[in-house]
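Open the model in your viewer and keep the selection tool at hand. This tour goes stop by stop, with something to select at each one.

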2 protein chains.
Amino acid sequence: MSADAREFELIRQLFVRQIAARSDVVLGIGDDAAITRVPPDHELLTATDSLVAGTHFLDEDDPASVGHRCLAINLSDLAAMGATPLWASLAIHMPEADEDWLKTFADGFFSLADRFGVQLIGGDTVRGPLALTVTVQGIVPTGQAVRRAGASAGDLLYLTGYPGSAAFGRLHQDSELASCFFFPEPRLSIGQELRGLASAMIDISDGVDSDLGHLLHASQVGATLDIEDLPVIHAAHAKLGGESVSELVLFGGEDYELCFSVPPAREPGLIQRAESWTVPLTRLGVINDMPALQWRKGGKIFSVPDKTFEHFSDS
Amino acid sequence: MSADAREFELIRQLFVRQIAARSDVVLGIGDDAAITRVPPDHELLTATDSLVAGTHFLDEDDPASVGHRCLAINLSDLAAMGATPLWASLAIHMPEADEDWLKTFADGFFSLADRFGVQLIGGDTVRGPLALTVTVQGIVPTGQAVRRAGASAGDLLYLTGYPGSAAFGRLHQDSELASCFFFPEPRLSIGQELRGLASAMIDISDGVDSDLGHLLHASQVGATLDIEDLPVIHAAHAKLGGESVSELVLFGGEDYELCFSVPPAREPGLIQRAESWTVPLTRLGVINDMPALQWRKGGKIFSVPDKTFEHFSDS
C-alpha cells in the first residue's frame with residue numbers, strides 16, 4: 001500500500017464505525033458492491049445530490065454541518081416522495097486526508113443517519129477538490145410514491161415550516177435561524193404521513209417560487225397566490241420589513257420544507273394529521289388551470305420569470 | 001430561473017435523451033427521486049466510484065473516455081459480484097457548462113450504458129472543479145452474489161485478460177493498449193457466468209498484487225504464486241523486458257479484469273465455460289493457509305509490502 005493509499009485507508013476506517021446495522025443489509029462496506037434486500041410489495045427510490053466546497057459551503061463551515069447537510073438534502077428528496085430511507089452511499093473528494101475535519105464531518109453525517117435508521121453501505125474516497133456526493137435509497141409501498149406531477153385544478157396548496165429562514169440565518173448571521181441552513185431537518189415523517197393525502201409534492205431547496213413552479217409545471221397546472229399568505233419569519237420581519245422577507249421566502253433556498261397539493265375532500269384528513277406535527281402548516285391557495293405561477297400583492301398580479309424581486313420593487 | 005440555473009438546465013437536457021427505457025423504471029429523471037422495481041427473489045447491489053480531473057484523468061483526455069470510464073469502473077464492481085446492472089445515477093461537478101465537452105462525455109457514457117441496458121435514472125449537476133461520481137445498481141438471484149470473502153485453501157486462482165495493459169498503454173502511448181486505459185471493458189457477462197463457480201472474486205482496479213491481496217485478506221487465506229505464471233503482455237514485453245512487465249501486471253491499475261478463486265471440483269466446469277470467452281483466462285496458482293500473498297521468482301520468495309518493485313530489483 002502506498003503512502004497515498006494508506007492515507008485514504010484512514011478515511012475509510014472512519015466510516016466503517018456506524019453502529020446501526022440494518023437487517024436488510026446483507027453486505028455493507030468493504031466489498032466491490034453492497035448487497036441489500038428490498039421488501040416485497042415495495043418500490044425502490046434513489047436520489048443523488050452533491051455539495052461542493054466554494055459552491056454550497058465554505059471551507060470554514062463546521063464540518064459537522066457539511067456532514068449533516070450532504071445527507072439531509074438527499075433525505076429531503078426521499079421525504080418529498082413520501083419514502084422511508086434505508087441506505088446511503090458517500091463519495092468524498094478531498095485534497096488530503098484531514099483527520100480532524102473528517103471526524104467531525106462523520107459525526108454530523110452519522111448523527112443524522114442514526115436518527116433515521118439509515119445505514120452507510122458504501123462509497124468512494126479519492127484525492128481531489130473538497131466535495132461530497134451522497135446517494136440515498138429508500139422504499140414506498142408499491143404505487144404510493146408522491147410525485148411532482150399529480151396536482152389538479154381545485155387542489156389546495158400547502159407548505160410546511162418557514163422557508164427563507166435558512167437564507168436569513170446565513171445572510172444575517174442570526175444564530176437561531178442559521179441552524180436552518182447549517183442543520184436542515186428533512187421532513188421524513190411528514191412526507192410519509194402525506195402518502196394517500198397529497199396529490200403532488202416537492203421539497204423546497206431553491207425557494208418557494210422556483211420549486212412550487214416545478215410542481216405546477218410537472219402537473220401542468222397553475223396557481224395565483226397572495227404574497228401576504230406566505231408564512232412570516234418573525235425575526236426576519238422585525239429586521240428587514242415585509243418586502244424583503246417575502247423575497248427571502250420566495251427565492252431563498254436551502255430550507256428543505258415540503259410543498260404539496262391536497263384535493264379538497266382530503267383537507268379535513270390533512271388538518272387532523274397536522275395537529276400532531278411540531279412544524280407549522282400554511283395554506284397558500286388553490287390550484288387553477290392557468291399554465292403559470294403568479295403572485296398577487298395589494299390587488300395586483302405579478303409573474304416572476306426570474307429569480308429577482310425587481311418586479312415587486314418596481315410596483 | 002437565473003443565468004446559472006439556465007446554464008445547468010442545458011446540461012440536464014443532455015442527459016434526459018437516453019432511448020433505453022427499462023420496464024423496471026417506474027419513474028426516471030426529473031422528480032425528487034427515481035422509482036424502480038427490484039424483481040422478487042433477487043438482491044440489490046449498489047456501488048459508487050468517482051473520477052476527479054487531475055487525479056484520475058487529465059483535462060485534455062477525450063471526454064468520451066471520461067464518460068465511458070466513470071460508468072465502466074462502477075459496472076466492473078457489479079461484474080466482480082456476478083451481478084446484472086440495471087440503473088445508474090450520475091453527479092457532475094463542472095466549473096462551467098461546456099456543451100461540447102458534455103456532448104462527447106454523454107456519448108461515451110450512453111454508448112456503454114446502452115450496450116449493457118443500463119438506464120440513467122437521476123443525478124445532480126453542480127458548479128465545481130471537474131469530477132464525476134456514478135452510483136450503479138444491479139441485481140443477483142438471492143444469495144448468489146460472489147464476494148471477496150469465500151476462498152478456501154486448495155481453491156485455484158484465476159485471472160482474466162492482461163492486467164498491466166492499461167498502465168503500459170497510457171505510459172508508453174501504445175495506441176492499441178491505450179484503449180485498455182481509456183475504454184476499459186467491464187467483464188459483466190463473465191462475472192455473471194462465474195456465479196455458482198467462483199468461491200470469491202474481485203476486479204483488478206489497482207493492480208494484481210493489491211486487489212488479489214484484498215481477496216485473500218477478506219477470505220483469510222494466502223497464496224504463493226510464480227511471477228512467471230502471470231499473463232504476458234507481448235507488446236510490453238518486447239519494449240520493456242520481463243521484469244518491468246511483471247511490475248506493470250502486479251502494480252499497474254485501471255484494467256478492470258476479474259480475479260477469482262474456484263474450488264478444484266468446479267475447475268472442469270470453468271474450463272468448459274471459458275471456451276466461449278473471447279478474453280483469455282490464466283491460472284495463477286493455488287490458495288493456501290498462509291496469511292499472506294507471496295510472489296516466487298527464480299526459486300526465491302518475495303513479499304510485497306508496498307506498491308514498489310524495489311524488493312524485486314534488489315534481488
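How many residues of chain A are in contact with chain B? The answer is 55 residues of chain A, meeting 55 residues of chain B; contact means heavy atoms within 4.5 Å. Before going on, note that this is a predicted model, in which local features need pLDDT of at least 70, side-chain atom pairs count only at pLDDT 80 or more, and totals for chains, interfaces and linings use all residues. Residues are numbered from 1 along each chain as its sequence is written, chains are lettered from A and ligands numbered from 1 in the order in which they are written, and side-chain values use heavy atoms, with hydrogens and water left out.

**Stop 1: between the chains**

Colour chain A and chain B separately. The area buried between them is about 4200 Å². Carbon and sulfur atoms give 51% of that area. Buried area is the accessible area (1.4 Å probe) that two parts lose on being put together, summed over both.

Now select A:Asp31 and B:Arg148. Their side chains meet in a salt bridge, 3.8 Å from N to O. The term means a side-chain nitrogen of Lys or Arg within 4 Å of a carboxyl oxygen of Asp or Glu. Between chain A and chain B the count is 6 salt bridges. Over all chains it comes to 22.

**Stop 2: a sheet with strands from both chains**

Switch to cartoon view. Helices (H or I, at least four residues) and strands (E, at least two) are DSSP runs, numbered from the N terminus. Two strands pair if DSSP finds at least two bridges between them.

Find the open sheet of 6 strands, ordered β1(A)-β2(A)-β3(B)-β6(B)-β4(B)-β5(B), with mixed pairing. Its edge strands are β1 (25-27) of chain A and β5 (119-127) of chain B, and each pairs on one side only. Neighbouring strands are turned by 20 degrees against each other on average, direction ignored.

Zoom in on β4 (residues 84-94) and β6 (residues 131-141) of chain B. They run antiparallel, joined by 9 bridges. Select B:Trp87: opposite stands B:Gln137 in β6(B).

Next, show helix α2 (residues 63-79) of chain B. This helix packs on the sheet and touches β3 (42-52), β4 and β6 of chain B. Its direction makes about 145 degrees with that of β3(B). Such angles run from 0 to 180 degrees between N-to-C directions, and axes are lines fitted to C-alpha atoms, for helices over the stretch in contact. Then select helix α3 (residues 99-115) of chain B, which lies across β4, β5 and β6 of chain B at about 165 degrees to β4(B).

**Stop 3: two helices in chain A**

Select α7 (residues 208-219) and α9 (residues 242-251) of chain A. Their axes come within 5 Å and cross at roughly 40 degrees. That makes α7(A) oblique to α9(A): angles under 35 degrees count as roughly parallel, over 145 as roughly antiparallel, 65 to 115 as roughly perpendicular and the rest as oblique. A:Val208, A:Asp209 and A:Ser210 in α7(A) meet A:Val249, A:Leu250 and A:Phe251 in α9(A).

**Stop 4: a link across chain A**

Which side chain meets that of A:Glu254 in a salt bridge? Select A:Arg69, at 3.1 Å, N to O. A:Glu254 sits in the loop between α9 and β10 (257-262) of chain A, while A:Arg69 is in helix α2 (residues 63-79) of chain A, 185 residues apart.
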